[in-house]
Amino acid sequence: MKRSVFFHKVLSFVVPTVDRISQRDWVRRAVIREWRMLEWQCCMSSKSLTISRSSEKTADPASKDHARDGRPQKVGFVSLGCPKNLVDSEVMMGLLARAGAELSSRAEDADVIVVNTCSFIESAQQESVNTILEMAEHKSSGRAKKLIVAGCLVERFRDEIRKRIPEVDAVVGTGELQNILAATGVGATPSREDSPFVVLPSRAEGDARVAQGRFSRGQWDGAIADLPNYLYDDETPRILATPKSTAYIKIAEGCDHPCTFCIIPQLRGRFRSRRFESVVAEAERLAQSGVREITLIGQDTTCYGEDFGLKDGLALLLEKLARIEDLRWIRFLYAYPNKITGKLLETIASSEKICSYMDVPLQHASAPVLKRMKRGGGADLFLRSIAKMRHAIPALTLRTSFIVGFPGETEKEFEELCDFVRAAQFDWMGTFSYSDQEGADAYGLDKKLSVREIEQRRKHLMGIQRQISKKKKKVLVGQEFDLLLEGRSEESDLLMEGRTSMHAPEIDGKVFVTDFAEDMEPQPGAFYRCQIMEAHDYDLVARIL
């Protein structure tokens, strides 16, 4: 069966083929397996969550009113999009488990399926709707009785989801995570006084952006008036969906920047930081439970603490986290170019635990394009900043991302971007095709490029980076590094794979392990010394020493 769904004539979505989301993809994207849920119960505050092998024994008796046939509801999750979205999924799973639900890693076994969606660009919106429709098949021909849609797509298309996909029973926006209890039928939505989320004030910059209309959602039918304003803390229940040795910590939420291509401020609300002590407390508890790698995330991590009046808040937080004895690697993602201070660079360089890794999305290099994006900067300024970073941090791994095909991007401006990439020599780079989003200022700009032209430019730019990456990876052959072993490779059961400190989780290449001592039994989640034996465009091949 095929079916199309149209949202305001902006997008057209078609049901994917049967193998669109394979069993492996479900397990990889979805909730962790049962054994990992049991293993990770100690990550949370003792009063937040207790899970045993028999959920019926630990469930709140009142929660059984919401179960079918006298047993707990089985709830399965599919989490799409960025790590920030994944943390939201982990929080919702924690809330459900604390209320007595049983979490399932198989769609076929779930009474309730939750799809946590992404809406950043058109391709993400299409993937989200495809996944919703795929999971809807489990209602019509399987065991599932409820289908819940959560996340950014709800903020953008709240009414249309319910109208166009009748299988959807409830929607939960990015600021309504506690509503997952009522939506699934597992429990009642907590009162404001009992809410596990902290409502935080915004900073002055956010107030100014409000006056400028930055957060306006008036053109989105069904969008609720209130912007998301919650943020979880160290007392909020959470079940990790990452491998046992690594975890994300969301240190901030929302964004106040005026970027014309982006609707994240409307989807996530104003920028707000978590309390310093709350982040440290969560990191300490994660380390005690076996986590060895922490990745700090937020829409803009380098603005952390500004709403508290902290100067160099991220640097201060990193210094504190580096004192946690059991942590091995600490990194942060999503740095804003003009927020990278000398103090931050010094802090990274001074601690072995803080990875010599910078993720700085630059978006473009042509000053006129950046001006139209309301980003600022340009190739010369960025090259000086990169030189400063590399001088301050020996062996720095530098990652960035760009948008190609922004409205009005000329051949000359695109070539300037290409020349900049050749000069900057990034270790990792991602490229997005410009996506027109209603609600973003760029939506109203003239001189839109064709999809074909944008894709040609994207492929050309990635071709340049592929050669740079290949050359950089070749230099690593013969060198030794610490390796975090992640387990069997998805490429082949005959291979194991892992990452060095040069590799952020999920977004960078892999290190494939092909050789280790006969008497060794490498354990996933453990660190080993390895030697690089081969290099490819993005991936490495190593042996464990």
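Colleague: What kind of β-α-β unit do strand 5, helix 5 and strand 6 make?

Modeller: In this predicted model, strand 5, helix 5 (residues 122–141) and strand 6 form a right-handed β-α-β unit. Right-handed means that, with the strands pointing away from the viewer, the path from the first strand over the helix to the second runs clockwise. Helices (H or I, at least four residues) and strands (E, at least two) are DSSP runs, numbered from the N terminus. Residues are numbered from 1 along each chain as its sequence is written, and side-chain values use heavy atoms, without hydrogens and water. Because the model is predicted, local features need pLDDT of at least 70 and side-chain atom pairs count only at pLDDT 80 or more, whereas totals for chains, interfaces and linings use all residues.

Colleague: Is strand 5 mostly covered or mostly open?

Modeller: Strand 5, residues 112–117, is mostly covered, with 6 of its 6 residues buried. Buried means under 20% relative accessible area, exposed means over 50%, and partly exposed lies in between (1.4 Å probe, protein chains only).

Colleague: Which residues point one way from strand 5, and which the other way?

Modeller: Val 112, Val 114 and Asn 116 point one way, while Ile 113, Val 115 and Thr 117 point the other way; all are buried.

Colleague: How many bridges join strand 5 to strand 6?

Modeller: The two strands run parallel and are joined by 6 bridges; strands count as paired if DSSP finds at least two bridges between them. Ile 113 has Leu 147 of strand 6 as its bridge partner, and Val 114 has Ile 148 of strand 6. Strand 5 also pairs with strand 3 (residues 74–79), in the parallel sense over 5 bridges. There, Phe 77 stands opposite Val 114.

Colleague: Changing topic: which residues are buried in helix 12?

Modeller: In helix 12 (residues 342–350), Leu 344, Leu 345, Thr 347 and Ile 348 are buried. These residues are on the same side of helix 12 because they cover an arc of only 160 degrees around the axis; the arc is that of the directions from the helix axis to the C-beta atoms. On the other side of helix 12, Glu 346 and Ser 350 are exposed.

Colleague: What covers the buried residues of helix 12?

Modeller: The covering elements include helix 11 (313–321), strand 14 (329–332), strand 15 (357–359) and helix 14 (379–392).

Colleague: How many residues line the second largest pocket?

Modeller: This pocket is lined by 30 residues, and Ser 356, Ala 395, Phe 481, Ser 501 and Met 502 lie nearest its centre. On a 1 Å grid over the protein atoms alone, a pocket is an open set of points with protein on both sides within 12 Å along at least five of seven lines, a cavity is a set where a 1.4 Å probe fits but cannot get out, and lining residues have an atom within 4 Å of a point. Helix 12, helix 16 (451–475) and strand 18 (480–488) each supply at least two residues of the pocket lining. Helix 16 gives the most, with 3 residues.

Colleague: How many cavities does a search of the whole structure find?

Modeller: The search finds 2 cavities of 30 Å³ or more. Among the residues lining the second largest cavity are Val 360, Phe 382 and Phe 426, and helix 14 gives the most to that lining, with 4 residues.

How values were computed: Contact means heavy atoms within 4.5 Å. Grid points are joined across faces, edges and corners, and a volume is the space filled by probe spheres set on the points.
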